[in-house]
Amino acid sequence: MDSILSLSNVSKSYGNVPVLKGIDLDIKKGEFVAILGSNGAGKTTLVKIMSTLSSPSEGSVEINGHYVADDPVSVRSMIGVISHETHLYNDLTAEENLRFFGKMYGISAGDLEDRINELLEQVELTGRSDDRVATFSRGMKQRLSIARALIHEPQLLFLDEPYTGLDQHASRTFENVLRDLDPEDTTRVMVTHDITNTFKMCSRVLILDNGKVVFDSPMSDLSSAEDLKGIYLSHVSSHNFI
Ligand SMILES: Nc1ncnc2c1ncn2[C@@H]1O[C@H](COP(=O)(O)OP(=O)(O)OP(=O)(O)O)[C@@H](O)[C@H]1O
């Protein structure tokens, strides 16, 4: 399988405090990788670096053969990010937000309207398409941010605790959206604290502890979510149990 994301000796410090320590990682096309770790382990920092939102203090990140540091614009057209920050414009309607981002990614006018309608339907916001985002609940904003992240059909999708703010129904809708993505077309990297879902959905699991990858395994080598929970607890150094 081809590699889509490679990290070479990536380190990050804030001031004198090291947060990531020499991470080497290779992610293949089609993988669905979970990143687990206790609070403060460095998961969000790692995803921000992988998704061009932050620079490493040392080391390099390569996406589809492009070095992120040299060619961030090309890289951004290949990736989507779903995180706590929705990156939406409150004064625009749901539809206008998606149109804005779609145009930014260079989607042609004809394709864009179909894509907007399809995504609004998938995240169950069709009935609110003409309403300003300022009037949305947190969960609705999160659902729209999922549509925003997918508008340009990214090859690599980063999900940082994507369930934040979603109720049971919206979580299921979101899982359906994820399931509908063809793994051949969309490689996924997800930070989460939900071990049961991780075991159900992901093809590979990494555990980050104290800025280092301390466990990396195909999910098929693990027997159950309980097995994964035991491994997690034996690999994290703090007692911030998830
Ligand atoms: N902008 C920043 N300036 C200084 N320190 C930071 C900054 N961002 C993160 N940190 C520190 O880096 C460490 C790792 O933070 P990070 O957000 O990556 O952890 P995490 O594993 O995502 O945690 P959580 O599970 O709580 O979301 C923490 O000690 C945090 O305080």
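Before looking up any pairing, I noted the rule: two strands pair if DSSP finds at least two bridges between them. Strands (E, at least two residues) and helices (H or I, at least four) are DSSP runs, numbered from the N terminus.

**Ground rules.** I am working with a predicted model, where local features need pLDDT of at least 70, side-chain atom pairs count only at pLDDT 80 or more, and totals for chains, interfaces and linings use all residues. Residues are numbered from 1 along each chain as its sequence is written.

**Six-stranded sheet.** I began with strand 6 and strand 7 (residues 156-160), which pair in the parallel sense over four bridges. Within this pair, I found Gly80 opposite Leu157 of strand 7. Both strands belong to an open sheet of six, ordered 6-7-8-3-9-10, with mixed pairing. Strand 6 (79-82) and strand 10 (212-218) are at its edges with a single partner strand each, so one side of each has no neighbour in the sheet.

Helix 5 (residues 138-150) lies across strand 6 and strand 7, at about 170° to strand 6. Next I checked helix 8 (residues 225-235), which packs on the sheet and touches strand 3 (32-36), strand 9 (204-209) and strand 10. Its direction makes about 25° with that of strand 9. Contact here means that the C-beta atoms of two residues, placed from the backbone, lie within 7 Å.

An open sheet of four strands runs 2-1-4-5 with antiparallel pairing, and its edge strands, strand 2 and strand 5 (66-67), each pair on one side only. Strand 1 (residues 3-14) and strand 2 (residues 17-28) share eight antiparallel bridges, and I noted Asp26 in strand 2 as the bridge partner of Ser6. Their hairpin has two residues between the strands, and Gly15 takes a positive phi near 60° there.

**Ligand shell.** Which residues are around the ligand? I listed Tyr14, Val19, Gly37, Asn39, Gly40, Ala41, Gly42, Lys43, Thr44 and Thr45, using a C-beta atom, placed from the backbone, within 6 Å as the cut-off. Helix 1 (residues 43-50) gives the most, with three residues. The shell divides into three nonpolar, six polar and one charged.

Terms used:
Axes fitted to C-alpha atoms, helices over the stretch in contact; angles between N-to-C directions. Nonpolar A, V, L, I, M, F, W, Y, C, P; charged D, E, K, R; others polar.
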